[in-house]
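Please keep the sequence at hand while reading.

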Amino acid sequence: MRTQRRTKAVGYVRVSSEQQATEGVSLDAQRYKMRAYCKAMDIDLIDIIADEGYSASNLKRPGLRAALAMLRNGQARTLIVVKLDRLTRCVKDLGTLCEQYFSDEKAYTLMSLSDSIDTRSASGKLVLNVLTSVAQWEREAIADRTKEAMANASNWTVWRSSPPTSCRS
């Protein structure tokens with residue numbers, strides 16, 4: 001009889017600002033939730049790596065790079081985040097991560113606890129794809145609204161300092 005090996009995982013937590021990192025409870029809350037989940041699900045949480053005061057606008061973060069290196073080096077097979085936006089807010093970057101690490105051809109899995117994403121299952125992959133599509137739609141809708149607002153603003157005369165001399169009382 002073959003025994004099932006415990007999932008080895010690395011956790012990744014992040015906050016955007018130095019102030020959140022030093023004064024907030026978000027990092028501790030993320031760590032607590034991750035540890036509790038791993039304990040309940042019998043997941044071997046090797047380490048929790050943090051990016052304190054880094055935006056999720058790109059993948060150039062030392063903590064994220066270290067967590068991904070743990071996957072590549074065989075120290076862990078799964079990357080766990082509490083929420084997908086802790087990993088990235090960019091659809092392109094999420095696509096890059098999925099292609100390089102979390103696709104069917106790769107041996108690594110992604111788990112996002114609050115979003116019910118677990119790429120080991122078909123339903124987890126579906127949720128990830130739906131959320132990615134919604135995020136893409138949201139980015140495009142924001143861009144459309146911004147373009148419309150800028151076009152509308154250019155139709156109005158806006159005084160940036162004091163009004164012209166001819167308009168003063």
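Two strands pair if DSSP finds at least two bridges between them. Helices (H or I, at least four residues) and strands (E, at least two) are DSSP runs, numbered from the N terminus. Residues are numbered from 1 along each chain as its sequence is written. This is a predicted model, in which local features need pLDDT of at least 70, side-chain atom pairs count only at pLDDT 80 or more, and totals for chains, interfaces and linings use all residues, while side-chain values use heavy atoms, with hydrogens and water left out.

**The sheet**

Five strands form an open sheet in the order β2-β1-β3-β4-β5, with mixed pairing. Its edge strands are β2 (44-52) and β5 (117-118), each of which pairs on one side only. Strand β3 (residues 78-81) runs parallel to β4 and is joined to β4 by 4 bridges. In this pair, Val81 stands opposite Ser112.

**Ser112**

Ser112 lies in strand β4 (residues 109-112). Ser112 has 1% relative accessibility and therefore counts as buried (buried means under 20% relative accessible area, exposed over 50%, partly exposed in between, with a 1.4 Å probe and protein chains only). The side chains of Ser112 and Asp115 are joined by a polar contact of 2.6 Å; such a contact is a pair of N or O atoms within 3.5 Å, where within protein one must be able to donate a hydrogen and the other to accept it, and residues adjacent in sequence count only if both atoms are side-chain atoms. Leaving aside residues up to four places away in sequence, Ser112 touches Val81, Val82, Lys83, Leu84 and Ile117, contact meaning heavy atoms within 4.5 Å.

**Two helices**

The expected span in the table is 1.5 Å times one less than the number of residues.

| Helix | Residues | Span between end C-alpha atoms | Expected span |
|---|---|---|---|
| α2 | 26-40 (15 residues) | 21 Å | 21 Å |

The buried residues of α2 are Leu27, Gln30, Arg31, Met34 and Cys38. Seen down the axis of α2, they fall within an arc of 95 degrees, so they line one face of the helix; the arc is that of the directions from the helix axis to the C-beta atoms. The face of α2 turned away from its buried side carries the exposed residues Asp28, Tyr32, Lys39 and Ala40. After α2 comes Asp42, whose phi is positive, near 55 degrees.

In α5, the buried residues are Val91, Asp93, Leu94, Leu97, Cys98, Tyr101 and Phe102. Seen down the axis of α5, these fall within an arc of 155 degrees, so they line one face of the helix. Exposed Lys92 and Glu99 are on the face of α5 turned away from its buried side.
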